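Colleague: I am new to reading models of proteins, and I would like to go through one with you, feature by feature.

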Amino acid sequence: MKVSFVSEQTGSGGLNEYIKHHLTHNTSEVFGSDALSKFNFDSWIVALVLGLLFILWFGLAARKATAGVPSKGQAFVEIILEFIDGQVKDTFHGDRRTVTPLALTIFMWVVFMNTMDLLPLDLFGWLVHVTAGPEAAHHTYFRAVPTADLNTTFAISASVFFILIGHAISAKGAGGFGKELVTAPFHAHGVMKIVLVPVNLVMNIIEWLVKPVSLAMRLFGNMYGGELVFMLIAGLMGSIYTFVPGVLANAAWAIFHILIILLQAFIFMILTVVYIAGARESH
C-alpha cells in the first residue's frame, strides 16, 4: 500500500507547487551548467542500484541452486526463468541462449524500477526533513521512479535498438542488411529498382526508429501517469480531515497500479523479443 506524507514545505504552496516539487529531478552537472552536460542523478542512481540488486539476487540463486528439492527462493527464481524462457520460445524460434537472458534482464529490471512507484511518495523528503531540517527538504528533489523519466526509457530502448541492428547484421551480414534497407519493402527490377531506393531507405529508417521510440514512450507514459495520480491523491487528500479517504484512495490505486507495473514490464520485454525475431527475418 502506498501512503503519502505531504510535507509542510510543499503543501504550503498549494497543489501546483506540491506536484511541481515532486516532478523535479535531482539533476547533476557533469561537465558544465548547460543542459546537454546535465543528467538526472536520481534516476541514474536508483536504476543502477536496482540493476545491481537484480544481478546479486539471481547470481546468488544460481550459486546456491541444487539438483534436489529446491528451496522456496530457488523455486521462485526458477518459476520466473521458466516463464520468461517459455515466452521467448513461443515468440523467437532461433537460438535462445542470448535472447532469454536479455528478456529476463529487461523484464526484471523494468519491474524493479516500476515498483519504486509503490514507495511512499514523500518518503525521501521526510528522511531529508528529519536528518537535515525543513529548509533542506524544501530544496532537495528526488524522483524514485526511473521509468517515469523519459531519459531512462529512451536509454533502455536505445540499447535495444543497437541490439536489434546487431541481430540483423548477424543474421544477414552487413551487405545483406544494407541491401535490404534499399530494396525492401518495395521490390522492383531495372530502372524502377534504382528509383525506389530512396523510398525504401526512408521507409526502413522510419520502421527502425519507430521501434525504440514506441518502446520508450509507452513505458514512460504509463509510469509517469501512474506517478502523477499518486501525487494528485496525496495533494488533494493530504490534510488531517481527508487522511483516511486518502489512504483508501492510494491503496486502491496502488493495487490497480501493480497490474500496470507488471504489464508494462512484460510488454517491453515481449516486444523486444518480437523485434529481435523480426530483425533476423528477411523481407
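Modeller: Let us begin with burial: 38% of the 283 residues of the protein chain count as buried, a word that means under 20% relative accessible area, with exposed being over 50% and partly exposed in between (1.4 Å probe, protein chains only). Please keep in mind that this is a predicted model, in which local features need pLDDT of at least 70 and side-chain atom pairs count only at pLDDT 80 or more, while totals for chains, interfaces and linings use all residues. Residues are numbered from 1 along each chain as its sequence is written, and side-chain values use heavy atoms, with hydrogens and water left out.

Colleague: What is the mean pLDDT of the protein chain, and where is confidence lowest and highest?

Modeller: The pLDDT is the predictor's confidence in each residue, from 0 to 100. Where pLDDT is low, the predicted coordinates should not be read in detail. Here the mean for the protein chain is 87, and 90% of its residues reach 70 or more. Confidence is lowest in helix α1 (residues 8–11), with a mean of 43, and highest in α5, at 97. The pLDDT is below 50 over residues 1–12, although this stretch has 32 contacts in the model beyond near neighbours in sequence, a contact being heavy atoms within 4.5 Å.

Colleague: How many helices and strands does the protein chain have, and in which pattern do they follow along the sequence?

Modeller: Helices (H or I, at least four residues) and strands (E, at least two) are DSSP runs, numbered from the N terminus. The protein chain has 11 helices and 2 strands, and reading along the sequence gives α-α-β-β-α-α-α-α-α-α-α-α-α. Its C-alpha trace spans about 75 × 55 × 40 Å along the principal axes. Among contacts between residues at least 6 apart in sequence, 72% join residues at least 24 apart. The accessible surface comes to about 15500 Å², of which carbon and sulfur atoms hold 71%; such areas come from the Shrake-Rupley method with a 1.4 Å probe, and for residues only the protein chains shown count as cover.

Colleague: How should I read two helices that pack together, for instance α5 and α8?

Modeller: Two packed helices are described by the angle between their axes and the distance between the axes. The axes are lines fitted to C-alpha atoms, for helices over the stretch in contact, and the angles run from 0 to 180 degrees between N-to-C directions. Helix α5 (residues 99–115) packs with helix α8 (residues 150–183) at an angle of about 175 degrees, their axes being 13 Å apart. That makes α5 roughly antiparallel to α8, since angles over 145 degrees count as roughly antiparallel, under 35 as roughly parallel, 65 to 115 as roughly perpendicular and the rest as oblique. From α5 the contact involves V99, L102, I106, W109 and M113, and from α8 it involves T152, I156, V160, I163 and H167.

Colleague: Which kinds of residue make up the contact of α5 with α8?

Modeller: They divide into 8 nonpolar, 2 polar and no charged, where Ala, Val, Leu, Ile, Met, Phe, Trp, Tyr, Cys and Pro count as nonpolar, Asp, Glu, Lys and Arg as charged, and the others, Gly among them, as polar. Helix α11 (residues 243–279) and α10 also pack at about 175 degrees, with axes 10 Å apart, and are therefore roughly antiparallel to each other. Their contact has 17 nonpolar, 8 polar and 2 charged residues.

Colleague: Is R218 buried, partly exposed or exposed, and which residues does R218 touch?

Modeller: R218 lies in helix α10 (residues 197–236) and counts as partly exposed because its relative accessibility is 32%. Not counting residues up to four places away in sequence, R218 touches Q264, I267 and L271. R218 and I267 are 49 residues apart in sequence, yet their C-alpha atoms are 9.2 Å apart in space.

Colleague: Is I80 buried or exposed?

Modeller: I80, which sits in helix α4 (residues 72–91), counts as buried because its relative accessibility is 11%. Leaving aside neighbours within four places in sequence, I80 is in contact with W57, F58, L104 and M108.
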